Amino acid sequence: MSNLAAMIPVVLAISGVLIWLLYSRKNSAGSPHATAISAIDNGLPAPKHFRYFRQIRQALSSSDAEYLRQNAPMYVAQQALRERRGVALDFLKGLHEDFSNLSRLGRVIASLSPEISHKQEAERLKLTAKFQILYAVVWLRLYTGNLPVEQLERLTGLISRLSARMDEAMAEISAQAAGQFHEKLGT
Amino acid sequence: MNTLELVLSYLTLLSLLVLCAFILTRKVVSILPFFTIYAFVLLVDMVVVWLIYEHFGFNSLTAYYSYWVSILLHAVARSLAIAEMCRYGLRAYRGIWALVWRVLAILSVLLAARTIFDARGVPNRVAIYGTTVDRDLALASIVILLVLLLFRNYYGITLEPLQREIALGICFICIVDVIGNTVLRNIFTSYLVSFFLANQETVRSALNPIFQRVSDLWGIIHLFSFMITVGIWCYALRKPLPARQEMPAMLPSSVYRDLSPAINMRLASFNSRMVELLKP
């Protein structure tokens, strides 16, 4: 009976995932071609949530928190700290969106390439899985108050600097790729 | 064969005839030849097994063997239809297809090896071999479909509606087969094991009514779920088939070569910062 008890839940779970995959519309929005052409015409999508980094940093700064604790009534300070945490969580969600967009672009380019590197694809899959786990851990720690919101400053600051450097490098690659692609399509 | 089985058999035959008529009128053979073969194998098998029942009797040894041969024939035809579904629509994406077919081929070999390993050592009887092999092949079909859909979903390559409904039908019948055959195999190898052992004629005749009852019950469940599957396929073919999707224009190879490492590098930077964030 143990065979039966193990087999049936596994099959039902696999089938549930299978039916969800059959009817999921997650990836149907937007044509892969349009995304790829836009990417090679305009470069990789910039992580747009870093745009608000300065405001977020101000909102999350420890001096602001200290000021609130000393000068505002207790309930106001608590309310403000709760809101700060909410802002941090929203910002983290934004980072997730940036990551997802970039990862999706990678997959679209792979799907439209005549040959792909198994190593690159495996690496992207591994990076995506790792990010999802890290995101869940950071989200949970922020949500439960176990992660000082100030630490987000480190993350955002480093990524925005890196992005700026990457964009310069990408502009050159994109210009070259767009030229070849349009030439191939005769546009 | 009781009245319910008889009625279900007639209804299944009728639904298979409707399915084959749809397949012919919609010219499915031009896009999915192996699915067409699968549907016709189901129809021809049903008629042949029916004729054997009529000629040799429902409880005859010939009927018993022909039933199990037909079940295995279905599994083979279904596997070909699934292989075709994997190839259809994906082969246009040459890079992805080169990756997917290798993964699916390795997986198929592993699942086939598992089937052989699982069937080894069971009492040397067709019914137990049949239930084991049929169950494992159905499970392999589900796993292959799952992996195929995971790939398609990951790369954003959606299934066309017809393929989706065909996959749903195959998935449904495979789920029923896996669960049903697992239960059946458990009964055969525990309560009814004496029925399958040699030199147990007295016990065999005593257990024969139970064996027949179990087989009848499974037959009814199988026929009923099979009718649902055929119904899903008929529903998918009720309208003329839409025009085939255009082949996607491929990007120059250099785009992938240049952009993919850059994208991965940027993704890696997200991860390393997230890790830093968690450091005390």
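At what angle do helix H6 of chain A and helix H9 of chain B pack, and how far apart are their axes? Keep in mind that this is a predicted model. In it, H6(A), residues 118-143, and H9(B), residues 253-278, pack at an angle of about 25°, with their axes 9 Å apart. Since angles under 35 degrees count as roughly parallel, H6(A) is roughly parallel to H9(B). The crossing of these two helices is left-handed.

Let's look at who touches whom. On the H6(A) side the contact takes in Gln120(A), Glu123(A), Arg124(A), Leu127(A), Lys130(A), Phe131(A), Leu134(A), Tyr135(A), Val137(A) and Val138(A). Across from them, H9(B) brings residues including Ser260(B), Pro261(B), Asn264(B), Leu267(B), Phe270(B), Met274(B) and Leu278(B). Sort the residues of this contact by type and you get 14 nonpolar, four polar and three charged. An α-helix has 3.6 residues a turn, so residues three or four places apart point the same way. You can look for that spacing in the H6(A) stretch Gln120(A), Glu123(A), Arg124(A), Leu127(A), Lys130(A), Phe131(A), Leu134(A).

Now stay with H6(A) for a moment. With 26 residues at 1.5 Å a residue, H6(A) should span 38 Å, and its end C-alpha atoms are 37 Å apart, which agrees. Its buried residues are Glu121(A), Arg124(A), Leu127(A), Thr128(A), Phe131(A), Val138(A) and Leu142(A). What covers them? The cover includes H5 of chain A, along with H4 and H9 of chain B. After H6(A) comes Gly145(A), with a positive phi near 80°.

H9(B) has another partner in chain A. That partner is H5(A), residues 74-111, which packs against H9(B) at an angle of about 155°, with the axes 10 Å apart. Angles over 145 degrees count as roughly antiparallel, and H5(A) and H9(B) are therefore roughly antiparallel to each other. The crossing of H5(A) and H9(B) is left-handed. From H5(A), the contact uses Phe99(A), Leu102(A), Ser103(A), Leu105(A), Gly106(A), Ile109(A) and Ala110(A). From H9(B), it uses residues including Val255(B), Tyr256(B), Leu259(B), Ile263(B), Arg266(B) and Phe270(B). By type, the residues of the contact of H5(A) with H9(B) come to 11 nonpolar, four polar and one charged.

Step back to whole chains. Chain A has seven helices and zero strands. Of its 187 residues, 28% count as buried. Among the contacts in chain A with a separation of 6 or more, 86% are between residues 24 or more positions apart. Chain B has nine helices and zero strands, and 32% of its 280 residues count as buried. For chain B, residues 24 or more positions apart make up 76% of the contacts with a separation of 6 or more. Along its principal axes, the C-alpha trace of chain B spans about 75 × 55 × 30 Å.

A walk along chain B turns up a few spots worth a look. In the loop between helix H1 (3-25) and helix H2 (33-56) sits Lys27(B). Most residues other than glycine have a negative phi. Lys27(B), though, has a positive phi, near 55°. Lys27(B) is exposed, with 11 other C-beta atoms within 10 Å.

Next comes helix H3(B), residues 61-87. Its 27 residues should span 39 Å at 1.5 Å a residue, and the end C-alpha atoms are 40 Å apart, which agrees. Buried in H3(B) are His74(B), Ala75(B), Arg78(B), Ala81(B), Ile82(B), Met85(B) and Cys86(B). Just after H3(B), Gly89(B) has a positive phi of about 85°.

H4(B), residues 94-119, is one of the helices covering the buried residues of H6(A). Its 26 residues should span 38 Å at 1.5 Å a residue; the end C-alpha atoms are 37 Å apart, which agrees. Gly95(B), Ile96(B), Leu99(B), Val100(B) and Leu104(B) are buried in H4(B).

Finally, find Leu150(B) in helix H5(B), residues 126-154. Leu150(B) has 14 C-beta neighbours inside 10 Å and so counts as partly exposed. Its C-alpha atom is separated by 39 Å from that of Val7(B), 143 residues apart along the chain.

Methods: Residues numbered from 1 in each chain as written. Chains lettered and ligands numbered in written order. Predicted model: local features only at pLDDT ≥ 70, side-chain atom pairs only at ≥ 80, totals over all residues. Axes fitted to C-alpha atoms, helices over the stretch in contact; angles between N-to-C directions. Helix = DSSP H or I, 4+ residues; strand = E, 2+ residues; numbered from the N terminus. Parallel < 35°, antiparallel > 145°, perpendicular 65-115°, else oblique. Left-handed = near helix turned anticlockwise from the far one by under 90°. Contact = placed C-beta atoms within 7 Å. Nonpolar A, V, L, I, M, F, W, Y, C, P; charged D, E, K, R; others polar. Buried ≥ 20, exposed ≤ 12 C-beta atoms within 10 Å, placed from the backbone. Expected span 1.5 Å × (residues − 1).
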